[in-house]
Amino acid sequence: MEIYRYPHFPTHLSVVHVALFTNVSNSAALRSRIVKAATLAAPEGDIEREAINYAFIDARLITSMLHLQTAIYQAILFDSQKSLRTRTVHSEILWCLNPTNNISEAIRRYGVSDTSSALFVVRITSPDLVDVESGMKCVVEGNIVPQNTLQELTDWSSIKKYYKLNVEPAVKEAAGDDVRERAIIDNIVVSSVAMKSV
Amino acid sequence: MSLKPSTSRTLLENSTLVSQGAEAKVYKAYLHQASVSGTDDDGGPVPVLLKYRFQKQYRHPSLDTSLTRSRIAGEARALIKCLRSGVNVPGIRMVDAASGVLAIEWIEGKSLRHLFPGGAEDDDVSEDIAESADEEDEEEDLLTGFYVSRDLLMTKVGNEIAKMHLADVIHGDLTTSNMMLRQGSKDLVLIDFGLAYMSTLVEDKAVDLYVLERAFSSTHPDSEPLFSSVLEAYRVKMGKQWTAIGKRLDDVRLRGRKRSMVG
C-alpha cells in the first residue's frame, strides 16, 4: 500500500491511501453491497456507506500509477473547488478516468464489476485516519500486492477501444513495438484525464 | 470569481521559479510523492513544469478570467491533438483552469535557441556560455554534446512541424525558443502552445512557417540554409499538401513586414 500526501489541499483531502488487490473473490458481493448502501436510510445507511467509503477501481483499465494519481489529483482538485460532478470525491475519480461525461458509464466501466479480479482501493482522507489498510481488507477479499504488479494486469486493447486510439497516427506508427506503443498510450491517457475538465 | 489560487498557489510557493514571460510564470514542481514504504522502482519523484498564468492588472478582471481560462483550454486541446497525432510535445499532467495553472511533462534538455547562440544576446542565454570559449566552438560543443548534427536537427524540426500541420494544429509562435532537444532520446520537442489553434487553412500553415523563418533570421544570423533544411524535411513529410502551402508561403513572404510592394 502507498500513501501520497498533498499538503496544499484542505486537510480532509490531503492524504491518499492506495492499495492494489489481486485475486479478488468477492467482487459481485461488493458491487451489490455498494448499490444497496446507496439506498439505505440513515442511521444504518450512514454507517454502511462509511464502511465502504473507498474508491474501487478496476485495475485492468489503468495504464500506470501516474494514470491513477492524475485522476485522483483532479478529483481532489474539483472537490476542493466545490465543483464535483458526482456525489463523492471517490466516485469523482471514476468520472475522471472515463473519457466521456457519462457518470453511470464511468462507474460501470471503471468501477468494480461482478467479474473484477484486480482492484485498486483508494481512500482520500485527513492525516488523522489510521489503519486504513485493515479497513480495506475488511471489505475486499484478495491479496494486496506491490504496485508494479500493475504491468501484468493492464488490458491494453480495452483501453485502446475506450479511448478510440486504434485510428490515431501516434498509435498506428508504433504498431509492433509494444514498449513504445504502451508508453505512447500511457501518455495520451494520462494527458486526457488531466485535461478532461477543459 | 476564481483566479484565487489558494491550493495551487500553495503548490507554487513550494516550487522553483524557472522563468517569467509576459503571459505566465513557469515553475518546476513535484506533484505526486509517495511517502511510505513500497518499492521505489521508478527512481525518485518526477518533476513537472507548472505554467501559471497570473492575473493581468491591465485587463478588466472578468475579461482576464475568461481569457486565461480559454488560453489554458486552447493550449491543453492543442497538446492532446498533437499527442494523438504523434507530434513530440510535452504530455499534460494537471489542469486547474480556475486558478490559471497548467502542469505539463518536464522536458530535460536545451532549447534550440540555446543550442544556436545568435548575435547580440540580451537575455540570460549568453550568461550561461563560458566567456573563454569562442562562440563558434561553443555551438559545436553544445551540439556534439547531444551528438546531433545541425542538418539532422533541422530535419527533425521540419518533420515535427509537418506532423503538427497534418493534424491541423497551428502553433502560432514558432521560434527556436519554443523547440527543445530532449536529453537522452534526442527528440525534438515543440513547446508553448499558448497561442495555438486548429485550422485547415493553407494560409494559416504558411504563416506559421513564415513566423519561424523570420524568427530564424532575426535571432540567428546566416541561418537561411538552416531554414531550407527545415522546409525540405517539411515538404517530404507533408506530401501532397506541400504544393499549396509552398505557393502560399511565397505569397506570404511577399507581403511580410518591410517588403516593398512595388512591381
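Q: In chain B, what share of the contacts with a separation of 6 or more comes from residues 24 or more positions apart?
A: A contact joins two residues whose heavy atoms come within 4.5 Å. In this predicted model, residues 24 or more positions apart account for 68% of the contacts in chain B that have a separation of 6 or more.

Q: How many helices and strands does chain B have, and what percentage of its residues is buried?
A: A residue is called buried when its relative accessible area is under 20%. Of the 263 residues in chain B, 49% are buried. Chain B has nine helices and ten strands.

Q: Into which domains is chain B divided?
A: Domain bounds are taken from an assignment. For chain B they give domain 1, residues 5–105, and domain 2, residues 109–262. Where these two meet, 16 residues of domain 1 of chain B and 18 residues of domain 2 of chain B take part in the contact.

Q: How much area is buried between domain 1 of chain B and domain 2 of chain B?
A: Buried area is what two parts lose on being put together, summed over both. Here the two domains of chain B bury about 1,300 Å², and carbon and sulfur atoms give 59% of that area. On the side of domain 1 of chain B, the residues that lose the most area to domain 2 are B:K81, B:V87 and B:N88, which together make up 37% of what that side buries.

Q: How many salt bridges and polar contacts cross between domain 1 of chain B and domain 2 of chain B?
A: A salt bridge pairs a side-chain nitrogen of Lys or Arg with a carboxyl oxygen of Asp or Glu within 4 Å. Two salt bridges are found across the interface of domain 1 and domain 2 of chain B. A salt bridge also joins B:R182 and B:E105, whose closest N and O atoms are 3.0 Å apart. The polar contacts between the two domains of chain B number six residue pairs, both residues at pLDDT 80 or more. Helix α2 of chain B, residues 61–84, gives seven residues to the side of domain 1 that touches domain 2, the largest share. By class, that side of domain 1 of chain B has six nonpolar, three polar and seven charged residues.

Q: Which residues form the salt bridge between chain A and chain B?
A: The count between the chains is one salt bridge. A:E168 pairs with B:R84, their closest N and O atoms 2.8 Å apart. Nine residue pairs are in polar contact across the interface of chain A and chain B, both residues at pLDDT 80 or more.

Q: Why does A:R49 count as partly exposed?
A: A:R49 counts as partly exposed because its relative accessibility is 30%. A:R49 sits in helix α2 of chain A, residues 44–51. Leaving out residues up to four places away in sequence, A:R49 touches A:A37, A:A38, A:L40, A:A41 and A:A42.

Methods: Residues are numbered from 1 along each chain as its sequence is written. Chains are lettered from A and ligands numbered from 1 in the order in which they are written. This is a predicted model: local features need pLDDT of at least 70, side-chain atom pairs count only at pLDDT 80 or more; totals for chains, interfaces and linings use all residues. Side-chain values use heavy atoms; hydrogens and water are left out. A polar contact is a pair of N or O atoms within 3.5 Å; within protein, one must be able to donate a hydrogen and the other to accept it, and residues adjacent in sequence count only if both atoms are side-chain atoms. Buried area is the accessible area (1.4 Å probe) that two parts lose on being put together, summed over both. Helices (H or I, at least four residues) and strands (E, at least two) are DSSP runs, numbered from the N terminus. Ala, Val, Leu, Ile, Met, Phe, Trp, Tyr, Cys and Pro count as nonpolar, Asp, Glu, Lys and Arg as charged, and the others, Gly among them, as polar. Buried means under 20% relative accessible area, exposed over 50%, partly exposed in between (1.4 Å probe, protein chains only).
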